[in-house]
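This briefing is meant for a reader who is meeting the structure for the first time. Please look over the sequence and the model before reading the points below.

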Amino acid sequence: MARRTVAEQYVDLVARAGVRRMYGVVGDSLNPVVDAIRRNSAVEWVQVRHEEAAAFAASAEAQLTGRLAACAGSCGPGNLHLINGLFDAHRSMAPVLALAAQIPSSQIGTGYFQETHPDRLFEECSHYSELISTPEQMPRVVETAIQHAVGRRGVSVVSLPGDIAGKDAPQGAAELALVHERPTIRPGEAEIARLAELIDEAGKVTLFCGRGVAGAHREVMDLAQKVKAPVGHALRGKEHIQYDNPYDVGMSGLLGYGAAYDAMHECDLLILLGTDFPYSDFLPKDVRIVQVDLQPERLGRRAQLDLAVWGDVGETLRHLTPRIREKSSRVFLDKMLKKHLTALEGAVGAYTHNVDKRTPIHPEYVASVLDEEAADDAVFTVDTGMCNVWAARYLTPNGRRRVIGSFVHGSMANALPQAIGAQFLDPERQVVSMSGDGGFSMLMGDFLTLVHYGLPVKVVLFNNSSLGMVDLEMMVDGLQPHGTLYPHTDYAAIATGAGALGVRVEKPGDVRGALREAFAHDGPALVDMVTDPNALSIPPKITSGQITGFALSASRMVLNGGVGRMVQLARSNLRNIPGL
């Protein structure tokens, strides 16, 4: 049997775990691993321009598939650049294995050139972070890292000195069976019985859904139908629950809209399904609350619970719904559906009337046209900031589209590198990066990665020459915006110079045509939408004493912008109300 190096064994292990590509930037301490990838047809090396982009790309892959993805960085500054993307992956529960190459093992602890201690640095953003200091630790450390990433859904980091990577791996070492799928968890009998009892006792029930309802759409709808419950959602729950939902009352949270907040506060029983909703100010204090979650550490950390249920949402509801009594009254549900429609129609007017003729271009109009023109199975990656607002309000979920962003970590510059990972995963699927000019310019170098690999990502750039969300935060706190403006930049010209299609749009009448041109282009494209930096106005009765950052009033009033085709969804839901 031919001997293998530690690097070769590492690559074989990640390939066996389902990894098909590794994102990173080459460097001396990483060279043995990159060379092993060159000689292994199962894994592709993806050369990005910045390691932070590598981590974001791997995270996007993992979020879209639920399977392990991988990235790597060379010693010192190389792997240190991974850290922001890995924080985002970990907080997004994306199974990512990061390889942090290390200086020569004999030099560790001497203050050597580029010395850091990655096994310590990455502890806070990983479930597992260990240094391989001798070949005899192979393959167990890598297998353990993979099990942590997949089993606990998050990041694992393996630190590997370059000299150790080039040594022979031990022969005859047992290679453990790797876990690829997570089990479903059913709550105990007592918890299901008590939850059924609480639902039967309550006159008005509201369901509030997060990302944990993924794959449980039918089960949530069955429960809502049986108890006549309005269904609200957090931002990360939107793509999984809003479509084909006659009980939809919108979203709560900092970017909330519709009647979700009212439905949560006016019910007798609020059931939180698969959400670690972080904004306690938006949760009621005087209603009964039940939380169902697969992660037990999340139960009760945002609100005082009357019942904590540890289990998978779908599995829990499959055992719960047959036990509860069907409610006959739709009064509460219909009231919330009417309130939802009124809220959406009132919000939409200011941003949809004649905006196709006004300059600067309203970003709401761009988002609404993008929603209409994008493919039914498109993947949208969304920059943190105002792009989050446009995605939350205007992208219409249908069960096939996907929307990912830095929704928990809140990093800028995430959309472009996440689009790289999404497009590598499926070169034929439409991938749209909804980028702000602030975020895009931070990691703009990796636009060249799109050109390098011919990735047909379409970057729709909301170019308002400012950090719009920071502007808004300052004004809400009664401060004069400062340090938030950028010089006007022609990003379409930059894209053209890089070898991609670049289209600059300054008139609203050109928006639709520019998007169609980009979508028809066989390759990377950037549509530079010059948008109005003052699209959101501040009502005068909002004061810094009423809110802290984005608290309740800011969400319901300052961000009370248009919500696109969701008005049509609300009108459609009203048809379910008898007598209307």
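Which residue of S13 does Gln-291 stand opposite? Gln-291 stands opposite Ala-308 in S13. The model is predicted, so that local features need pLDDT of at least 70 and side-chain atom pairs count only at pLDDT 80 or more, while totals for chains, interfaces and linings use all residues. Residues are numbered from 1 along each chain as its sequence is written, and side-chain values use heavy atoms, with hydrogens and water left out.

**Strands S12 and S13**
- Strand S12 (residues 288–293) and S13 run parallel and are joined by 4 bridges, where strands are DSSP runs (E, at least two residues) numbered from the N terminus and two strands pair if DSSP finds at least two bridges between them.
- Strand S13 (residues 307–310) has Leu-307 and Val-309 on a covered face, whereas Ala-308 and Trp-310 lie on an uncovered one.

**The open sheet**
- Six strands form an open sheet with parallel pairing, in the order S15-S14-S16-S17-S19-S18.
- Strand S15 (402–405) and strand S18 (501–505) stand at the edges with a single partner strand each, so one side of each is left without a neighbour in the sheet.
- Within this sheet, strand S17 (residues 458–463) pairs with strand S19 (residues 525–530) in the parallel sense over 6 bridges, and Lys-458 stands opposite Ala-525 in S19.

**Contacts of Leu-273**
- Not counting residues up to four places away in sequence, Leu-273 touches several residues, including Leu-207, Phe-208, Val-292 and Leu-317, contact meaning heavy atoms within 4.5 Å.

Methods:
Buried < 20%, exposed > 50% of the residue type's maximum accessible area, 1.4 Å probe, protein only.
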